[in-house]
Amino acid sequence: MRDIPAQKARPTGTVFPRILNVFAPQHPAQVIVLGFAAAVAVGTGLLMLPIARNGPEGAPFLDALFTSTSSVCVTGLVTVDTPVYWSGFGKVVIMALIQIGGFGVMSFGTLLGVLLARRLGLRSRLSTAAEIKSTGFGDVRRVLLGVLTISLTVEIVLAGILAARLVAGYGYEPGRALWHGVFHSVSSFNNAGFALHTDNLIGFAGDPWICLPIAAAVIIGGLGFPVLFELRRQYQRPIHWSMNTKLVLVGTAVLLTAGTVFLTAVEWSNPATLGALKPGERILAGFFQSVITRTAGFNSIDIGQMHEVSWLGMDILMFIGGGPAGTAGGLKITTFGVLFFILLTELQGGTAVNIFGKRLSRAVHRQAITVVLLAIALVVGSTMFLMLITDFGQQRILFEVISAFATVGLSTGITASMPPAGQVVLILLMFVGRLGPVTLGAALALRERPLLYEYPKERPLIG
């Protein structure tokens, strides 16, 4: 009988990489979550440096973490006065975090690899495709370069317009005007809402040369890059536009019009908001706030002095948000568009959901319902918790919670007064809201378990 040869000892050099491989993210969603978390951590560390703050000491950990999360998640909620508290270095860090967060952390890292090394690995390709909602891996490089081109074009044009207006209309020195123009253009296109003025943009409420260009950049950024690409390719053939593009464009037009009419009408005679402006300026401010409410955190009127009915209407606008795969927040127009057509089909007794001449996949039904139910659960649970630990009132807390989750950044003025536990809740909401509850859920899932069988069907009573 032949002896069985002893098994060779495994080289010790392969053990450590195997251990690392166990903890390595396996799912693209896990890579995205870790990428955003790493960006927040780096931003927190930079903002804690003494050089980042005006004063002798560095920023406390919670203020730095909150500001870093708000920047990377392009939200705009703050616990400190941005123009006063942070130094020039700190503001540059905030602007860089906004740009990276708006572009997408994984997309930004992959783009650097494309530009510097001219290579694109499979893992980078997978995670970036998941982040930008691309349907194919082959076009990742082209999509990233297209996103970069659109972002830089809009930001450079807007920065020039704002700088010129600040010099001509407000007597700013050219260097200061250019800095303000660049910062606010990056904050606008990426739907962040950070401003270099303590009252945000209230001082420019009646100036169309400031408000309208910013509103245009916010709208463009909020449409989402897939819509912008399709408009560039087929702007003369709307009949060939995809269902996604049609839903986003129609939904944006409806929500902008409805929001402008609603906010202008409710606040028209409020002396603390629109009532103090001239009639033309009231319409401009109403339109600007309608644009900003769904996705960015600027404000040209005092949000804390608005009517409670306005807050409730803004809660709905913030919750809906902008277009997918862009810089906008919220649950996205397409999600609510899908739910609207499902409702309409059910009321009409139809069997298939058809939108703009196309039939909707049943998998999309489940995705839309899952996203909305998860979001409602998070918002309700967070609101109830904050009501237990603070006494700000349900309306203000609900507004703050939805603003954080939808990464909008508007505030009734209570964020800075929240206890540490409340600010941590807002940080988590911003993080989940930017990534999306489904992405975070997929990242937390330990492994996928495809079922090889199906149970028999049964219909419970509904309603």
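**Exercise 1.** Is Thr82 buried or exposed?

*Solution.* Keep in mind that this is a predicted model. Start by finding the residue: Thr82 sits in helix H4, which covers residues 82-85. Next, look up its relative accessible area, which is 5%. The cut-off for buried is under 20%, so Thr82 counts as buried. Now see what surrounds it: leaving aside residues up to four places away in sequence, Thr82 touches Lys91, Ile94, Phe194 and Ala195.

**Exercise 2.** Work out how helices H14 and H17 are arranged relative to one another.

*Solution.* First, pick out the two helices: H14 spans residues 308-320 and H17 spans residues 394-405. Their axes come within 9 Å and cross at roughly 20 degrees. Angles under 35 degrees count as roughly parallel, so H14 is roughly parallel to H17. As for handedness, the crossing of this pair is left-handed.

Then check who meets whom. On the H14 side you'll find Glu308, Trp311, Met314, Asp315, Met318 and Phe319. Across from them, H17 brings in Gln395, Arg396, Leu398, Phe399, Ile402, Ser403 and Phe405. Sorted by class, this contact has 8 nonpolar, 2 polar and 3 charged residues.

**Exercise 3.** Step back and describe the chain as a whole.

*Solution.* Begin with secondary structure: the chain has 19 helices and 2 strands. Then turn to burial, where 51% of the 463 residues count as buried. For the surface, the accessible area is about 23300 Å², and carbon and sulfur atoms make up 66% of that. Finally, take the contacts with a separation of 6 or more: 68% of them link residues 24 or more positions apart.

Definitions and conventions
Residues numbered from 1 in each chain as written. Predicted model: local features only at pLDDT ≥ 70, side-chain atom pairs only at ≥ 80, totals over all residues. Heavy atoms only, no water. Axes fitted to C-alpha atoms, helices over the stretch in contact; angles between N-to-C directions. Helix = DSSP H or I, 4+ residues; strand = E, 2+ residues; numbered from the N terminus. Parallel < 35°, antiparallel > 145°, perpendicular 65-115°, else oblique. Left-handed = near helix turned anticlockwise from the far one by under 90°. Contact = heavy atoms within 4.5 Å. Nonpolar A, V, L, I, M, F, W, Y, C, P; charged D, E, K, R; others polar. Buried < 20%, exposed > 50% of the residue type's maximum accessible area, 1.4 Å probe, protein only. Areas by Shrake-Rupley, 256 points an atom, 1.4 Å probe, with all protein chains shown as cover.
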